[in-house]
Amino acid sequence: MDYSEKSLATHARHHGKVAIVSKVPVTNRDELSTAYTPGVAAPCLAIHAHPEDVYKYTAKGNLVAVVSDGTAVLGLGNIGPQAAMPVMEGKAILFKQFGNVDAFPICLDTTDTEEIIKTVKYLAPTFGAINLEDISSPRCFEIEQRLERELDIPVFHDDQHGTAIAVSAALINALKIVNKKMEDIHIVLNGPGAAGTAIIEMLMHLGVKNIIACDEFGILNKSRPEGLKDHKIRLAEITNAEGRSGGLKEALKGADVFIGVSVAHALKPEWIREMNPDPIVFAMANPTPEIMYDEAVKAGVAIMATGRSDMPNQINNVLVFPGIFRGALDVHARDINYDMKIAAARAIASLIRDDELNRENIIPSLFDKRVCPAVAKAVADAAIASGSARSVEP
């Protein structure tokens with residue numbers, strides 16, 4: 001099927017993919033007076049007296065802003081805010097379809113970090129959470145970190161943490177098959193941008209101790225002169241404990257896991273043969289992975305995953321963000337902390353029973369209706385246990 005032509009026709013026919021739909025009827029004078037003036041004054045005054053009642057009387061408790069500046073859109077790059085709108089609308093309908101979360105696209109006509117932070121802070125009273133989307137690295141790190149500190153609602157950069165949680169869930173199950181433990185494995189990650197950085201940090205929270213990160217200049221090493229700036233300086237401090245140098249080929253010697261969030265065809269089959277027995281490869285460059293599925297299997301990969309729907313073991317953020325926002329919103333969480341992220345990863349992994357687990361089935365389908373409720377409950381419980389929740393009755 002030609003999805004490009006079909007997508008153009010669909011978007012044109014509907015003039016986009018989202019709409020505002022009223023929850024209440026306004027068909028007569030009484031209904032109008034209840035929904036709007038004079039009746040609407042009552043919830044306004046109630047919220048003014050007790051600000052926490054905004055969650056009771058408005059849509060805030062189920063409303064997410066999908067915020068982008070259009071600088072890092074899917075595989076399209078810096079295409080600007082207007083061209084990014086179809087993607088943000090798409091994200092909004094996925095929120096609704098998979099998590100029954102109302103979400104609205106907000107594309108900003110600025111790439112200035114301070115302006116984006118200021119704008120989101122101005123918008124925050126309307127929303128129960130903020131989903132940052134397709135904002136280029138390294139600005140995305142400061143934007144998220146500042147907003148997390150300065151707002152009292154969850155701020156979640158899905159390109160970073162959604163990817164990290166999905167990868168973690170898949171790795172939890174992959175390690176069961178090859179009988180290895182997080183604390184014992186050697187991981188090589190190629191592409192330490194926004195997603196790659198979050199994956200490294202998430203896996204360290206899960207107990208991984210030995211990670212090497214590679215970019216276009218090779219292994220991140222504290223003494224390397226090329227391309228070591230911004231977030232990569234910190235990554236060089238917390239990774240590569242052995243002090244290796246060289247390129248991806250050298251990094252992969254004796255590795256147990258390769259994780260790619262980089263570019264097509266970056267991983268050569270002969271390098272896989274230098275990895276430890278039963279190597280795991282998550283090649284997630286889109287639309288073409290670092291190595292194709294069949295090629296990797298021929299090279300001796302024990303477990304292979306990609307971001308593609310036409311190959312086994314699809315690692316995709318849709319497994320994560322509807323449930324993690326659903327759970328956070330249900331308990332009026334103040335943030336999405338690592339306890340909640342780890343709970344989400346373990347919940348996703350747990351949906352594949354031991355008797356179902358195999359080399360081509362390490363992670364649930366995107367259309368598995370158990371995923372969002374399982375993630376939401378785990379996240380809500382973790383929010384309550386960690387003190388992030390305002391409400392203890394999800």
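Pro138 lies in the loop between strand 3 and helix 7 (139-150); helices (H or I, at least four residues) and strands (E, at least two) are DSSP runs, numbered from the N terminus. The peptide bond that joins Ser137 and Pro138 is cis, with omega at about 5 degrees. The model is a predicted one, in which local features need pLDDT of at least 70 and side-chain atom pairs count only at pLDDT 80 or more, while totals for chains, interfaces and linings use all residues. Residues are numbered from 1 along each chain as its sequence is written, and side-chain values use heavy atoms, with hydrogens and water left out.

A cis peptide bond also leads from Asn286 to Pro287, with omega near 0 degrees. Pro287 is placed in the loop between strand 9 and helix 13 (293-298). In the loop between helix 8 and strand 5, Asn179 has phi near 60 degrees, a positive value in a residue other than glycine. The table collects these backbone values.

| Site | Value | Loop |
|---|---|---|
| Ser137-Pro138 | omega about 5 degrees | strand 3 to helix 7 |
| Asn286-Pro287 | omega near 0 degrees | strand 9 to helix 13 |

Four strands form an open sheet with parallel pairing, in the order 2-1-3-4; two strands pair if DSSP finds at least two bridges between them. Strand 2 and strand 4 (155-157) are its edge strands, each pairing on one side only. From one strand to the next, the twist averages 25 degrees. Strand 3 (residues 129-132) runs parallel to strand 4, and three bridges join them; Leu132 has His157 in strand 4 as its bridge partner. Helix 8 packs on this sheet and touches strand 3 and strand 4, its direction making about 75 degrees with that of strand 4. Contact means heavy atoms within 4.5 Å; axes are lines fitted to C-alpha atoms, for helices over the stretch in contact, and angles run from 0 to 180 degrees between N-to-C directions.

A second open sheet has six strands in the order 7-6-5-8-9-10, with mixed pairing. Its edge strands, each pairing on one side only, are strand 7 (218-219) and strand 10 (303-306). Strand 6 (residues 210-215) and strand 7 run antiparallel and are joined by two bridges, with Cys214 opposite Ile219 in strand 7. Helix 8 (residues 158-178) packs on this sheet as well, touching strand 5 (186-190), strand 8 (257-260), strand 9 (280-283) and strand 10. The direction of helix 8 makes about 160 degrees with that of strand 9.

Helix 9 (residues 194-205) packs against helix 15 (residues 338-350) at about 85 degrees, with the axes 11 Å apart. The two helices are therefore roughly perpendicular to each other, a term that covers angles of 65 to 115 degrees. Glu201, Met202 and His205 in helix 9 meet Tyr338, Lys341, Ile342 and Ala345 in helix 15.

The second largest pocket has a volume of about 1000 Å³. On a 1 Å grid over the protein atoms alone, a pocket is an open set of points where a 1.4 Å probe fits, with protein on both sides within 12 Å along at least five of seven lines; lining residues have an atom within 4 Å of a point. Of the 29 lining residues, Ile20, Val21, Lys23, Ala59 and Asp102 are the closest to the pocket centre.

Technical notes: Points joined across faces, edges and corners; volume = space filled by probe spheres on them. Parallel < 35°, antiparallel > 145°, perpendicular 65-115°, else oblique.
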